[in-house]
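The following exercises are to be worked through with the sequence and the model at hand. Each task is followed by a solution in steps.

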Amino acid sequence: MNPSMKLLLLLIIALEISFTTIVSLNVALVILAIIYLLAHRTRLRTLGWLVLLPLLPAIGLWSTQYINGSGDRTLMAWVLFTRIYAFVFTGATFTLTTDVLQLTDSLEQNWHMPAKFAYGVLAAYNLVPRIRHEVQVIRAAGLMRGQVLSFWSPQLYFKAILISINWSQNLAQAMRSHGFVEDAPRTHYRQIPLTKVDWAIVITGVILLQIGVFVIPWT
Amino acid sequence: MKWVKSWYLNDIILLALIGIFFGAIFMGTNFVYNVLSAALTPFGLSGLANELLLGLWCMPGMLAGYLIRLKGSATLGELLAATVEMFFGGQWGITTLISGIVQGFGAELGYIATGYKHYDWLGLTAAAATTTLVTFGWDLARNGYFKLQLWLLILYLVVRFISMFVFGGLLTKAITDLLDRSHVLKSTH
């Protein structure tokens, strides 16, 4: 399926379930998402992590409503508990089956997002492992001078911003020297098609969601 | 398309890099968050851990608005940070994107309210205040805050503003002071 259309559908789902209080709908979405993930050969261990990771925040939200809520506290507690899982599992149908390259290609080709945004973000994205390492380097360099840099130290962020400025200029220069011209028309090697089937899936999905929210009398 | 023209490749990469750097630094707070959240859960106050640390997560937007003085930079900075986080280990998936837009736009409103002219205490405090209000409005629905008892709602709101002010105001100001003193910003814009 076209990545940006998938993202659109999932955004609509996430937004709409944020304003509903139907436990069964959330559970139904989780089950649908699990079926989708299994069909895409997601490993069971990954699914297990998806259940475990949100458990603490989900229990936190549950207890907040159960102890300090007003009105129907039990209902709201379970709504929020299942909503977290609906978010995580529907979100995983996107993040586990689509990579950032497909999404930026699709946004650029199908929705005419300027190429400089697509490739600029990709350039930065590919530096994630180096950035993680660099944070450790900054901390170690601080320690050598007896400075403990923690997440509340302005110096840590200052150094990170300095490196970002430096790298951003180098990267932009590297891209230009490889022939990237801002705002110039481009041809595409990787084609991302946007078909009528994609539109049909999104429209059907949204209609089914409305039926789930407004028509089905969940108990 | 005039808006698009005012952005250069350097700026876009810079915003994305800052978002990722900050994300990498925040990883260290996950442990604090989890312990705090778990300790408060039996009292039904686990949201407090979120309220205390939320200011941190909103810093990229506020700083982006300060660093790159273009319309939309705060929103874009936070959105880019959220996009990368969504693909890199964030289990929250799509909602990360929504939060990114909400938080970034919240910060943006502060700069809009001060006419994109106050890159000082006034601008940062305004950004902290608007971010608090906008993100809180979203949590009323998303995290079911509208069903909470009033005293808790007020407590959350106050703690959230303090967090926004400490991280988005005090810490961001300290960082921007260091940047101003080093004169690095002139070379980028």
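**Exercise 1.** Determine whether His112(A) is buried or exposed.

*Solution.* The count of C-beta neighbours of His112(A) inside 10 Å is 8, and therefore His112(A) counts as exposed. The rule is that a residue is buried with 20 or more other C-beta atoms within 10 Å of its own, exposed with 12 or fewer, and partly exposed in between, the C-beta atoms being placed from the backbone. His112(A) belongs to the loop between α6 (100–111) and α7 (115–125) of chain A. Its phi is near 55 degrees, a positive value in a residue other than glycine.

The model is predicted: local features need pLDDT of at least 70, side-chain atom pairs count only at pLDDT 80 or more, and totals for chains, interfaces and linings use all residues. Residues are numbered from 1 along each chain as its sequence is written, while chains are lettered from A and ligands numbered from 1 in the order in which they are written.

**Exercise 2.** Classify Thr75(B) as buried or exposed, and find its contacts outside its neighbours within four places in sequence.

*Solution.* Thr75(B) is part of helix α6 (residues 73–87) of chain B. Since 23 C-beta neighbours lie inside 10 Å, Thr75(B) counts as buried. Apart from neighbours within four places in sequence, Thr75(B) is in contact (C-beta atoms, placed from the backbone, within 7 Å) with Ile101(B), Gly104(B), Phe105(B) and Glu108(B).

**Exercise 3.** Describe how α8(B) and α9(B) pack.

*Solution.* Two packed helices are described by the angle between their axes and the distance between the axes. For helix α8 (residues 121–142) and helix α9 (residues 150–182) of chain B, the angle is about 145 degrees and the axes are 9 Å apart. Axes are lines fitted to C-alpha atoms over the stretch in contact, and angles run from 0 to 180 degrees between N-to-C directions. Among the residues that meet are Trp121(B) and Phe136(B) in α8(B), and Leu157(B) and Lys173(B) in α9(B).

**Exercise 4.** Determine how many residues each chain gives to the contact.

*Solution.* Chain B gives 55 residues and chain A gives 65 residues. On the side of chain B that touches chain A, α2(B) gives the most, with 13 residues.

Methods
Helices (H or I, at least four residues) and strands (E, at least two) are DSSP runs, numbered from the N terminus. Two residues are in contact if their C-beta atoms, placed from the backbone, lie within 7 Å.
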